[in-house]
Amino acid sequence: MPRTLLRAASAFLLTLTALNAPAAYADDVTPVAVTVNARAALATVPETGIGSNHAIWDTNLGTDETADLLKDAGVKMLRYPGGSYSDIYHWADHTAPGGYVAPNTDFDTFMRGVRRTGAQAMVTANYGTGTADEAAAWVRQANVTKGYGIKFWEIGNENYGNGHYGSAWEADNHADKSPAEYARNVVAYADAMKAVDPTIKIGAVLTTAANWPDGIVADGDSGTWNKVVLSTAGPKIDFVIVHWYPGALDKAGHVPDIVQLTRQQIAKYAGPGSERIGIAMTEFNTGSSSNGSTTQPGALAAADSYATLLANGVFTVDWWNVHNGIGAVTQVEGHTDYGDFGLLSSGVCTSDGSVCEPALNTPFAPYYALQMVSKFARPGDQFVRAATDQAKVSAHAARRPNGDLAVMLINSSSDTSYPVAIDYSGYSPASGAPTVLTHTNGATAITTSSTGSAASQTLPPLSLTTLILHPATPQTGRPGAPGQPTASQVTEKAATISWPAASPGSRPIVKYELYRQNGAISEQLGETTGTSFTVHNLNPGTRYTVNVIARDSGGGLSWASPPLTFTTGTPASSSCSVRLTVQTDWASGYVGAIDITNNGAPVSGWTLNFSWPRTWQSLGSGWSAVWTQNGSDVKVVNDSGNGSLATGASTTIGFVGNYSGPNVLPAVFTLNGTVCTTQ
């Protein structure tokens, strides 16, 4: 039987109070302001971006019908042998002791389907009950004997779920179940597997920011799972693996911090050259059976998350699962939701036979979400910033090599049809009606039409809409994009940004312009005729994302460079210094200690101020001082016993911080109004 996927998912019924309410129509609603900024470039769409999981307990894994449906959805990565089954599966005899292996699911059958789909394979080697030699033999069979050329190989699946942190769902026969033991074995697996085929890419399992057991340090460990694994295995791996089942439909806003925190950990712990290490999300699902796992709300959340993850540089997002099986049956937005986390119907019934899914391989709503994303953002396109002023409407945009621009708009409102007014920065669309792709609540296909204009569209309730726009003027002869920028000499107020020169077009390049992304607005930081620029007047402890654009002698502009994200520091010397350390963490809160040192003249009373970086963070309690919070701002005033600090004296205060998303720690502290050095 399939494994239970969403361990924390509730099975309660969704109360639908809005179904009988009258719909609000476009002429009753203030138009939503949408901003699309082609100067604010994000990641380039990878070839492997849209993926899904196959599982050896699914007898339809290798059928032509399944492969053809996945191809039509734009799926370019298929993972095998299926989640936690990976850690009990032995490829040579196609067995999974303790689990069910369906007929016609062997490795060769899987690969035949992969090739028919036009995808690549992500293979998960058995860590839990296997060996490095077994994994190396699989590489030999796949790439030497069979010539499959499989590039991506994971070492295990969710191996932190082996009981080391208390919960155990992942098979692990190792006597030592610590992250240190996993990391040592990743090194052994990588060495053995790359000895067979040096061209393969090896991935190691990490925890996902703010998802259990992220942040937890178990007894006997030298750090969190991620710290220990990256510190030992970092030099041997090529990508890291995260899984995400957010459990709610409005969590795409967490993605930039999930990715950024993962990158920071890689940079901090994985050693020299760690910038080569990619991020793969090899299991993703909205994780919300009660709010729509097979119906339109789940599809909208899927499209939003896929686009956001890929725009932030994740190189594959793999849906769980192609087929999964019926779960808790509910009514969601006027349609039956089967509680099935598959893209396609398994055609099965509830145990009592009272409800049956539609015919085998009938696409569920999330299937159309992946299909829409594949039509919106094609491999080689470059994501650019887009934003709206309405929480129920989200926007994404991608610029195509031929100069076209695609804009995907998501209306998650159940009952309001929103008109949108779209403003373009750094791009001039051609006049006339654009090509419009639409998927609405309950629809069984994406429709194509020519309607509205580049600046004005109307979004039906619970809909996905993609506009395909052509440029107003030809794009030939323009300069190439500048190369990947880098930052050096980063201080609290300045940074030097350098980049590889752009290739000229039909006219010579006369200057480069440096832009900061401020949401969907670009702020020009400066310009230069060279390939390096020092930016001043930056704010301490602030994350900046910048792009570089080349301009030629005729005013022609290049595409924006790939993005560079860097964070400024705090003063190298100050009259005060602060050290924040996390004493213990339980993946939704932590105990923090703040050491305050007075480096200046003696003080007889002090006030420490800082702000929570994210709206999902808050103060639980504090001690050794008087703590108050106002909005995101925290104020800490000395108590009677620690108000006097002589020159060089220190005091320590503590607090409980709560969080319900990626825990970006405060970085800037002021003591009596002076910015301190953060150690």
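I began with burial: a residue is buried under 20% relative accessible area, exposed over 50%, and partly exposed in between (1.4 Å probe, protein chains only). The model is predicted, so local features need pLDDT of at least 70 and side-chain atom pairs count only at pLDDT 80 or more, while totals for chains, interfaces and linings use all residues. Residues are numbered from 1 along each chain as its sequence is written, and side-chain values use heavy atoms, with hydrogens and water left out.

**Entry: threonine 295**

Is threonine 295 buried or exposed? I found 5% relative accessibility, so threonine 295 counts as buried. I placed threonine 295 in the loop between helix H7 (289-292) and helix H8 (296-311). Helices here are DSSP runs of H or I with at least four residues, strands are runs of E with at least two, and both are numbered from the N terminus. Next I looked up contacts, meaning heavy atoms within 4.5 Å. Leaving out residues up to four places away in sequence, threonine 295 touches Val332, His335, Thr336, Asp337, Ala365 and Pro366.

**Entry: nonpolar cores**

A nonpolar core is a set of buried Ala, Val, Leu, Ile, Met, Phe, Trp, Tyr and Cys residues joined through side-chain atoms within 4.5 Å. I noted 118 residues in the largest one. Phe107, Trp153 and Met193 have the most contacts inside it. Another core, of 25 residues, lies apart from it and includes Tyr590 and Trp606. I then listed partners of tryptophan 153 beyond four places in sequence; among them are Met122, Trp138, Met193 and Phe239.

**Entry: aromatic rings**

A pair of aromatic rings is described by the distance of the centres and the angle of the planes. Rings of Phe, Tyr and Trp (its six-membered ring) pair if their centres lie within 6.5 Å; planes under 30 degrees apart are stacked, over 60 edge-to-face, and the rest tilted. By this rule I have 39 aromatic pairs. Phenylalanine 107 and phenylalanine 110 are stacked, at 6.5 Å centre to centre and 25° between the planes. Both lie in helix H2 (residues 107-117), three residues apart, about one turn of the helix. Phenylalanine 107 and phenylalanine 110 are both buried. Tyrosine 424 and tyrosine 427 have ring centres 6.5 Å apart and planes at 50°, so I logged this pair as tilted. These two tyrosines are buried as well.

**Entry: strand S18**

Which residues of S18 (residues 456-459) lie on the covered face? I found Gln457 and Leu459 there, with Ser456 and Thr458 on the uncovered one. Two strands pair if DSSP finds at least two bridges between them. Strand S15 (residues 418-425) pairs with S18 in the antiparallel sense, over four bridges. Threonine 458 in S18 is the bridge partner of proline 419.
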